[in-house]
Amino acid sequence: MTGRFCLIHGFAGSPASWDAVVALLPPESTVLCPTLLGHEPAVTLAAPASFPMPFAPDRPDPGPFDEEADRIARLIEDAGLSPLHLCGYSLGARVALGLLLRHPQHFTRATLIGVHPGLTTEAERAERWQHDEEWARILERDGLDGFIDHWESQPLFASQIRLPAEVRAARRARRLCLGAAGLCQSLRAHSLARMPDYRPLLPRVQVPLRLLSGQDDEKFRAISEDLTRLLPNAAVTVAAEAGHNIPLEAPQAVAAALLQID
């Protein structure tokens, strides 16, 4: 089985984050792996971008989050690859959800890994904004190497200790190729605090959709189950012996979802 795929990486990732998944797809597959804003190798910005709160979720013009979905839609259009099977992980899954809502004509199916549909209250937004701002300040204070130490030590990623040391070392090496200024920009522009609450719009998503979460990722397993009440054509799959980062921990589960193997 072959096809066309658009794979969107997560925060502090890169197109190479999908290498283990792509290796399991048929060699004749067409795969587009866009680079999210701020994740270009060693990007240098003239000055940190400013994204002050409060966020206005009801404003008519797209904010930075939806603008990123629109940018990737233009990449798909320019490449002439529509329609595709869309897949995103974590931050990439949230951008993918925006793509499904804003540019549904480009996609035949979707697989969303560790997806969050957006926060519902201003109090939640303010708390998350502070949380992501603290991460940005750690990055500015400690540099990329120190930031990665803090980032990878989060309980969300604890299951990755089961991975071979060389796999974890390769992931870290890829992250060290990124630019600190760009990652700060991503933290502030694409914070969950700035993402629209997509829940009221989810019944519009008509394509077959797989919600993939790890067995050890209780938070996002619960979110996936909750989203099936809002998404008319969604199914939940749990990847065994995996946590949040399934493309890294269980690439075979992602490939199976992309190839629609149950």
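This is a predicted model: local features need pLDDT of at least 70, side-chain atom pairs count only at pLDDT 80 or more; totals for chains, interfaces and linings use all residues.
In strand 5, Leu212 is the bridge partner of Ile113.

The burial of strand 5 was examined next. Of the 6 residues in strand 5 (residues 209-214), 6 are buried, so the strand is largely enclosed by the rest of the structure. In a regular strand, side chains alternate between the two faces of the sheet. In strand 5, Leu209, Leu211 and Ser213 point one way, whereas Arg210, Leu212 and Gly214 point the other way, and all of these residues are buried.

Nonpolar side chains tend to be buried together in soluble globular proteins. In the present model, the largest nonpolar core comprises 69 residues. The residues with the most contacts inside this core are Ile8, Leu86, Leu100, Leu112, Phe147 and Val254. For Phe147, when residues up to four places away in sequence are not counted, the residues touched are Phe11, Trp135, Ile138, Leu139, Asp142 and Leu187.

The largest pocket holds about 700 Å³ of space. It is lined by 30 residues, of which Arg128, His131, Asp132, Leu156 and Lys219 are the closest to the centre of the pocket. Two or more lining residues are given by each of helix 3 (91-102), helix 4 (122-152), helix 6 (180-189) and helix 7 (218-227). Helix 4 provides the largest share of the lining, with 7 residues. By residue class, the lining consists of 13 nonpolar, 10 polar and 7 charged residues.

Ser82 and Pro83 are joined by a cis peptide bond, with omega about 0 degrees. Pro83 is placed in the loop between helix 2 (64-79) and strand 3 (84-89). A positive phi of about 60 degrees is found at Ala12, although this residue is not a glycine. Ala12 lies in the loop between strand 1 (4-8) and helix 1 (19-22), and its relative accessibility of 6% means that it counts as buried. Ser90 likewise is not a glycine, yet has a positive phi, of about 55 degrees. The position of Ser90 is in the loop between strand 3 and helix 3. Because buried means under 20% relative accessible area, Ser90 counts as buried at 19% relative accessibility.

A further loop residue, Ala250, is located between helix 8 (246-249) and helix 9 (251-258). With a relative accessibility of 2%, Ala250 counts as buried. Ala250 and Gln105 are separated by 145 residues in sequence and, from C-alpha to C-alpha, by 30 Å in space.

Conventions. Residues are numbered from 1 along each chain as its sequence is written. Side-chain values use heavy atoms; hydrogens and water are left out. On a 1 Å grid over the protein atoms alone, a cavity is a set of points where a 1.4 Å probe fits but cannot get out, and a pocket is an open set with protein on both sides within 12 Å along at least five of seven lines; lining residues have an atom within 4 Å of a point. Grid points are joined across faces, edges and corners, and a volume is the space filled by probe spheres set on the points. Helices (H or I, at least four residues) and strands (E, at least two) are DSSP runs, numbered from the N terminus. Ala, Val, Leu, Ile, Met, Phe, Trp, Tyr, Cys and Pro count as nonpolar, Asp, Glu, Lys and Arg as charged, and the others, Gly among them, as polar. A nonpolar core is a set of buried Ala, Val, Leu, Ile, Met, Phe, Trp, Tyr and Cys residues joined through side-chain atoms within 4.5 Å. Buried means under 20% relative accessible area, exposed over 50%, partly exposed in between (1.4 Å probe, protein chains only). Contact means heavy atoms within 4.5 Å. Two strands pair if DSSP finds at least two bridges between them.
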